[in-house]
Amino acid sequence: MKIVNKMKQSLVTDPNWNRGIELAGKGGRALPSATADYFVDKVPIVGWLPKYNYRWLLNDVIAGLTLGIMLIPQSLAYAKIATMPVQFGLMSSWVPAALYAIMGTTKDLSTGPTSLIGLLTAEVIADLTKDGYSPQQIGSAVAMGMGIYGMILGFLKLGFILDFVSTPVLNGFISAAAIVISLGQVDNLLGENDVRDGTAHIIHDVFTKLPEANGYACAMGFGSIVLLVALEHLGKRWGSKNKIAFYLSITRAFIALLIFTGVSYAVNSKRGPDPDDFLFEVAEMTQTTIYAEVTGPTLFAKAFPRAIAPFVAAALEHVAIARAFAMRNNYTTDASQELCYLGLTNLINSFFHSMGVGGAMSRTAVNSGCKVRSPLSGIVTSAVVLISIYELTGALYWIPKATLAAIVITAVWPLIGHWRTYYNYWRTSFVDFAAAMMAFWLTLFVSSEIGIGTAVAWSIVTCLLRQAFTRITQVGSDSSSDLQRSIDDARGMPASIPDDTRIFKIQESIFFPNAQRTMKQVLDTIQTYHAPTYSNANGPEADRNWSVVGEKRIKKLRKAVGIQDASDLPPIRVVVLDFGRVNHFDVTGNAKLREFVAELRKYAGDRVEVRVVGLKNNVRARLERARPGWKLTDCDSTISDSGSERVGKLEDLKVYRSVSDAVNAIRYSEVEHVMDEKMKSEHQEKV
């Protein structure tokens with residue numbers, strides 16, 4: 001009996017059981033409403049469609065038509081990168097745009113086949129075609145694997161796993177992939193045959209077989225490049241002033257396709273039905289309808305593990321583009337929802353012999369440039385693609401392969417990172433530089449999977465080693481008095497904190513695994529307890545009404561802390577970041593800190609100040625060496641080194657000795673008030 005009583009007592013006092021019972025009770029009570037909210041969040045169109053302004057329809061139709069015209073040549077070209085018959089590029093493009101209108105959380109993002117996904121899919125196809133499968137079957141299996149990975153991470157909100165791919169790794173990988181893609185198109189550009197795979201082999205074979213180059217193919221390929229580059233420069237120079245120049249520039253791939261396909265038909269159609277008699281190779285597109293086929297379990301089992309690299313690359317690119325354009329156009333995107341969409345659209349696509357899809361930077365930039373107002377433009381884009389599948393197949397048969405190669409090369413060449421980027425990695429962090437170099441050279445000469453896998457492994461291992469070999473700083477009677485005073489001052493808290501000020505004590509180093517989440521937590525707290533101050537530069541608030549993601553998120557955050565009435569919330573004027581425990585700061589941390597400051601100023605206006613406390617020498621050195629870098633100014637409790645000309649500069653960070661000094665220092669608004677009073681006084685004296 002005593003044993004039973006002891007067991008009961010143990011269960012009653014056990015903190016884990018009590019905590020579990022408490023959480024289970026809360027979860028049970030919240031389950032009905034939370035479930036409803038969860039499923040509503042998965043279809044954002046339910047929130048923004050009732051707010052849709054009919055005046056936006058013209059912009060959305062124009063943007064949808066423009067993207068559809070862009071998508072036709074790009075999808076054909078990217079399918080060619082994947083070594084699939086080009087018609088399957090179009091098959092991959094009609095579902096994503098329409099589904100994004102329902103599930104997307106940005107108005108600008110354009111999804112579909114991309115060069116990066118094409119390259120990674122081609123590597124899987126090259127291995128599995130040896131087992132007797134067709135390229136389109138393998139591409140569908142890879143797309144299905146990407147879809148399952150995306151749905152797992154998205155619906156379970158596990159997207160933080162992608163944070164282990166740091167910014168330098170991603171940049172090195174993308175730069176090498178762009179070079180590999182370009183080199184892979186040179187044989188088609190020159191009309192050469194029997195060029196082997198692999199960077200070294202391609203370079204060797206292209207130059208060896210140069211005398212065998214097809215002059216007609218060279219004329220079509222280099223003519224296409226000249227036209228594409230000329231129209232691009234036309235848009236850069238006059239596109240902002242002239243609408244005709246703007247639309248000629250953004251539809252340059254379609255124009256090149258139209259012109260050189262016409263030339264191809266004129267010179268090849270009379271030479272007989274046999275493609276071997278043509279002057280140069282053509283796309284030979286023959287698909288005339290959409291049909292479904294389920295991927296077999298054996299093929300799926302082989303392709304599923306190989307789909308990890310395409311998914312990781314697609315997810316990182318997709319989410320990064322969504323965040324970048326959301327920040328640029330002043331609205332909020334939901335990364336978890338974007339992964340849900342990415343997973344579902346790839347899963348659906350996989351039933352139609354399609355390659356994997358994701359966000360595309362070039363098309364997204366064009367969509368934004370067309371002043372698109374909502375994701376509804378995707379319906380129009382899908383309609384254009386469907387028309388091309390059912391009505392334009394006969395014309396698309398005659399597309400020169402050299403023209404498709406030219407479209408690919410001109411599209412991916414800007415993705416190659418500038419050498420200064422890697423030099424800045426070298427100056428900022430050797431570990432990041434080494435990771436970027438591993439990703440670059442291994443992707444270039446071995447394979448994409450080994451390149452990105454090795455670089456990620458390097459980053460994780462160095463992270464673990466840094467934690468295992470933590471350095472300590474000795475502070476005692478024989479230590480530097482300045483060091484002792486700095487540490488003591490960094491701990492100092494002010495007697496009172498103004499309503500427009502928020503203090504954040506960063507508890508860990510800021511680097512690639514946690515940089516995104518750390519900065520997001522800071523911004524979430526500010527948006528929870530402080531009212532927004534939208535500046536005129538952000539455009540009329542009516543332009544943001546299509547997006548309800550940001551507003552819903554802020555409401556949930558405020559509801560969680562019991563804020564019912566947000567009308568009395570104070571604005572934010574000063575944000576103090578206590579870096580006293582930040583011992584390491586890398587390139588990704590720098591990028592996320594800049595993104596945080598930019599988003600903060602979107603929310604709170606240009607006069608909000610970011611003040612840093614307890615900055616260690618090594619962290620300060622990296623902040624100053626980073627490119628783009630920071631202008632760090634040492635201040636005390638009475639000086640803000642202000643001057644109204646410094647207001648609003650993104651790179652300005654004020655450095656203080658203690659939290660108390662940072663809180664009590666004069667604000668920009670106070671400086672401007674003093675300056676205004678001084679000017680009034682001087683004016684009165686003159687009068």
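Asp274 sits in the loop that runs between helix 13 (252-268) and helix 14 (297-303) of this predicted model. Its relative accessible area is 35%, so Asp274 is partly exposed, given that this class lies between the limits of 20% for buried and 50% for exposed. On the surface, Asp274 belongs to a patch of negative charge, where it gathers with Asp276, Asp277, Glu281 and Glu284.

A search of the whole structure gives 20 aromatic pairs. One of them joins Tyr100 and Tyr341: the ring centres are 4.8 Å apart and the planes stand at 80°, so this pair is edge-to-face, the term used for angles over 60 degrees. Tyr100 belongs to helix 6 (residues 94-103) and Tyr341 to helix 16 (residues 335-349), so the contact ties together parts of the chain that are 241 residues apart in sequence. Both Tyr100 and Tyr341 are buried.

A further edge-to-face pair is made by Phe511 and Phe512, with 5.9 Å from centre to centre and 90° between the planes. Phe511 has a relative accessible area of 8% and is therefore buried. Phe512 also counts as buried, at 6% relative accessibility.

Ring pairs can also join into a group. Tyr422, Tyr425, Phe440, Trp441 and Phe445 are linked in this way into a cluster.

Methods: Residues are numbered from 1 along each chain as its sequence is written. This is a predicted model: local features need pLDDT of at least 70, side-chain atom pairs count only at pLDDT 80 or more; totals for chains, interfaces and linings use all residues. Side-chain values use heavy atoms; hydrogens and water are left out. Patches are made of residues with over 30% relative accessible area and no salt bridge: like charges are joined within 9 Å, nonpolar side chains (Val, Leu, Ile, Met, Phe, Trp, Tyr) within 5 Å. Accessible areas come from the Shrake-Rupley method with a 1.4 Å probe; for residues, only the protein chains shown count as cover. A salt bridge is a side-chain nitrogen of Lys or Arg within 4 Å of a carboxyl oxygen of Asp or Glu. Lys and Arg count as positive and Asp and Glu as negative; His and the chain ends are not counted. The place of a charge is taken as NZ of Lys, CZ of Arg, CG of Asp or CD of Glu. Helices (H or I, at least four residues) and strands (E, at least two) are DSSP runs, numbered from the N terminus. Buried means under 20% relative accessible area, exposed over 50%, partly exposed in between (1.4 Å probe, protein chains only). Rings of Phe, Tyr and Trp (its six-membered ring) pair if their centres lie within 6.5 Å; planes under 30 degrees apart count as stacked, over 60 as edge-to-face and the rest as tilted.
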